[in-house]
Amino acid sequence: MNLPNKLTVLRIFLIPVFMVVLLAPLNWGSITTGGTVVPWTQVVGAIIFAVASITDFADGQIARRQHLVTNFGKFADPLADKMLVMTAFIILVSLGKVPAWVAAIIVCRELAVTGLRLIVVENDGEVIAAAMPGKIKTMTQMLSIIFLFLNDVFFAAVNIPIGEILLYICLFFTVYSGIDYFVNSRSVFADSFEK
């Protein structure tokens, strides 16, 4: 197992740590900045999520630069992203920070694209690599999650809901990139209907 794949596996192992920090009945107090209150559990959760997100960026960069791209990496990397992001959005819904309908759309898209990837692998033996809209979707999802956990504490003074703005940008790219994957893979469905 090469370094990019190890980073992907590390990201998967950070998910339960992230869940425990945010969902266990821990009371570490809170911080207040500019009238915005943020529980320390959310600060630590945001840090864990940020570290996991950095491993996502790092594993892709290392894999491409050192020619270590593998089918495992092409499959496991986006799967790890989906697991991390879906967990975060479900927790944010439980905290009342994200509307349930937004999280439902994001989760449904992630499951649909994962299913599509499996169908394409089964039919063509190829793993669909992430396209640019999917990469933008991942970046905006991860940034929105971090800012939502931090209650936009860095932007409280100027009263700009960056986390919420990023949430709806990521929702757009979530839907757009999902449609893009299905349109680009339509030949798989055409072949299925002909059989």
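Helices (H or I, at least four residues) and strands (E, at least two) are DSSP runs, numbered from the N terminus. The model on display is predicted, so local features need pLDDT of at least 70 and side-chain atom pairs count only at pLDDT 80 or more, while totals for chains, interfaces and linings use all residues. Residues are numbered from 1 along each chain as its sequence is written, and side-chain values use heavy atoms, with hydrogens and water left out.

**Stop 1: the whole chain**

Display the chain as a cartoon. There are 7 helices and 2 strands, and along the sequence they follow the pattern α-β-β-α-α-α-α-α-α. Of the 195 residues, 44% count as buried, where buried means under 20% relative accessible area, exposed over 50%, and partly exposed in between (1.4 Å probe, protein chains only). A contact means heavy atoms within 4.5 Å. Among the contacts in the chain with a separation of 6 or more, 75% are between residues 24 or more positions apart.

**Stop 2: serine 144**

Select serine 144, which lies in helix H5. Is serine 144 buried or exposed? Serine 144 has a relative accessible area of 0% and is therefore buried. With neighbours within four places in sequence left aside, serine 144 is in contact with Phe89, Gly163, Leu166, Leu167 and Cys170.

**Stop 3: the nonpolar cores**

A nonpolar core is a set of buried Ala, Val, Leu, Ile, Met, Phe, Trp, Tyr and Cys residues joined through side-chain atoms within 4.5 Å. Select Phe18, Phe49, Phe89, Val98, Ile145 and Phe149: these have the most contacts inside the largest nonpolar core, which has 31 residues. At least two residues of this core come from each of helix H1 (3-23), helix H2 (40-65), helix H3 (71-94), helix H4 (100-124), helix H5 (132-149) and helix H6 (162-184). Which helix gives the most to this core? The answer is H3, with 6 residues.

Next, centre the view on valine 98. Not counting residues up to four places away in sequence, valine 98 touches Phe89, Leu92, Val93, Ala103, Leu148 and Leu167.

**Stop 4: salt bridges**

Side chains of opposite charge can pair when their charged atoms come close. A salt bridge is a side-chain nitrogen of Lys or Arg within 4 Å of a carboxyl oxygen of Asp or Glu. How many salt bridges does a search of the whole structure find? The search finds 7.

Select arginine 11 and aspartate 59, whose side chains form a salt bridge (3.1 Å, N to O). This pair links distant parts of the chain, with arginine 11 in helix H1 and aspartate 59 in helix H2, 48 residues apart. Both arginine 11 and aspartate 59 are buried.

Move on to lysine 82 and glutamate 110, where another salt bridge is found (3.3 Å, N to O). Lysine 82 is in helix H3 and glutamate 110 in helix H4, so this pair ties together parts that are 28 residues apart in sequence. Both lysine 82 and glutamate 110 are buried.

Arginine 109 forms a salt bridge with glutamate 110, and their closest N and O atoms are 2.8 Å apart. Arginine 109 counts as buried because its relative accessible area is 8%. Residues up to four places away in sequence not being counted, arginine 109 touches Lys82, Lys137, Thr174, Ser177, Gly178 and Tyr181.

Then select Arg11, Asp56, Asp59, Asp77 and Asp81 together: salt bridges that share partners join them into one network.

**Stop 5: the largest pocket**

Select Asp56, Gly60, Arg64, Asp77 and Lys135. Of the 37 residues that line the largest pocket, these lie nearest its centre. On a 1 Å grid over the protein atoms alone, a pocket is an open set of points where a 1.4 Å probe fits, with protein on both sides within 12 Å along at least five of seven lines; lining residues have an atom within 4 Å of a point. H1, H2, H3, H4 and H5 each supply at least two residues of the lining.

**Stop 6: histidine 67**

Finally, select histidine 67, in the loop between H2 and H3. Histidine 67 has a positive phi of about 55° although it is not a glycine. Its relative accessibility is 72%, so histidine 67 counts as exposed.
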